[in-house]
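Thanks, everyone; I would like to take a few minutes to walk through one model with you. Please have a look at the sequence and the structure first, and then I will go through a few places in turn.

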Amino acid sequence: MKQSVRSNQTAKNRFAVIFTAAVLCLGIILQMSLPAAAAGTTCKSLAKAVLDASDGSEKLLKYQTTSADEFGALTISEAAKVSSIVYLCDEKEVYSLCVAKASSNSDASKLLKSLKSYKKRNSGSDYLSDYSSTEQKVFKNALCGKKGKYVWYIALSSDKSVNKKGQTALKKAL
């Protein structure tokens with residue numbers, strides 16, 4: 001009887017050791033794969049996801065830059081808070097897409113505030129009197145958002161649902 005109890009206990013100990021080793025190995029594998037997935041996220045890849053989801057709106061975008069100070073929504077001091085950016089726009093800077101990565105989460109919050117202010121200024125001022133009604137709708141239906149260190153401004157269509165498709169794709173890619 002004692003031998004049977006001992007073999008039972010030995011089997012339980014072996015199972016516990018094997019189970020613990022398996023959990024540790026799985027943890028190590030997951031830890032190694034997560035940074036690799038995050039490393040693939042760039043402003044460029046996020047902008048591509050938005051464009052792919054936005055029904056071909058990228059055909060309008062003729063100008064591209066990776067310089068934060070060229071995006072009119074940001075002041076020089078705000079542009080300094082950007083670690084990377086992709087900004088695409090048409091000739092009149094009506095149709096546009098900007099995806100930026102801030103240096104920190106708090107900087108991202110400040111940049112989002114600036115983007116919202118930019119949208120409000122552009123969609124509610126005399127500035128729009130020089131634009132067609134469709135172009136005015138593009139400004140008014142632009143979307144701004146933030147997730148982690150990333151912020152975005154999406155003004156690819158006068159139809160808000162197209163801009164939302166792009167935003168949904170961007171969030172999915174993050």
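Lysine 160 is in helix 6, and, since this is a predicted model, please take what I say about that residue and the others as computed values. With a relative accessible area of 32%, lysine 160 is partly exposed. In sequence lysine 160 and asparagine 141 are 19 residues apart, while in space their C-alpha atoms are 5.2 Å apart; leaving aside residues up to four places away in sequence, lysine 160 touches Asn141 and Leu143.

Staying with helix 6, residues 160–173, we find that it packs with helix 2, residues 43–53, at an angle of about 140°, the axes being 8 Å apart. That contact is made by Leu46, Ala49, Val50 and Ala53 from helix 2, and by Lys165, Gly166, Ala169, Leu170 and Ala173 from helix 6, and these residues divide into seven nonpolar, one polar and one charged. The crossing of helix 2 and helix 6 is right-handed.

Now to the aromatic residues, where the count comes to five aromatic pairs. In one of them, phenylalanine 71 and tyrosine 87 are tilted, at 4.5 Å centre to centre and with 45° between the planes. Because phenylalanine 71 lies in the loop between strand 1 and helix 3, and tyrosine 87 in strand 2, this pair ties together parts that are 16 residues apart in sequence. Phenylalanine 71 is buried, at a relative accessible area of 1%, and tyrosine 87, at 1% relative accessibility, counts as buried. Finally, Phe71, Tyr87, Tyr118 and Tyr153 form one aromatic cluster.

Methods:
Residues are numbered from 1 along each chain as its sequence is written. This is a predicted model: local features need pLDDT of at least 70, side-chain atom pairs count only at pLDDT 80 or more; totals for chains, interfaces and linings use all residues. Side-chain values use heavy atoms; hydrogens and water are left out. Axes are lines fitted to C-alpha atoms, for helices over the stretch in contact, and angles run from 0 to 180 degrees between N-to-C directions. Helices (H or I, at least four residues) and strands (E, at least two) are DSSP runs, numbered from the N terminus. A crossing is left-handed if the near helix is turned anticlockwise from the far one by less than a right angle, and right-handed if clockwise. Contact means heavy atoms within 4.5 Å. Ala, Val, Leu, Ile, Met, Phe, Trp, Tyr, Cys and Pro count as nonpolar, Asp, Glu, Lys and Arg as charged, and the others, Gly among them, as polar. Buried means under 20% relative accessible area, exposed over 50%, partly exposed in between (1.4 Å probe, protein chains only). Rings of Phe, Tyr and Trp (its six-membered ring) pair if their centres lie within 6.5 Å; planes under 30 degrees apart count as stacked, over 60 as edge-to-face and the rest as tilted.
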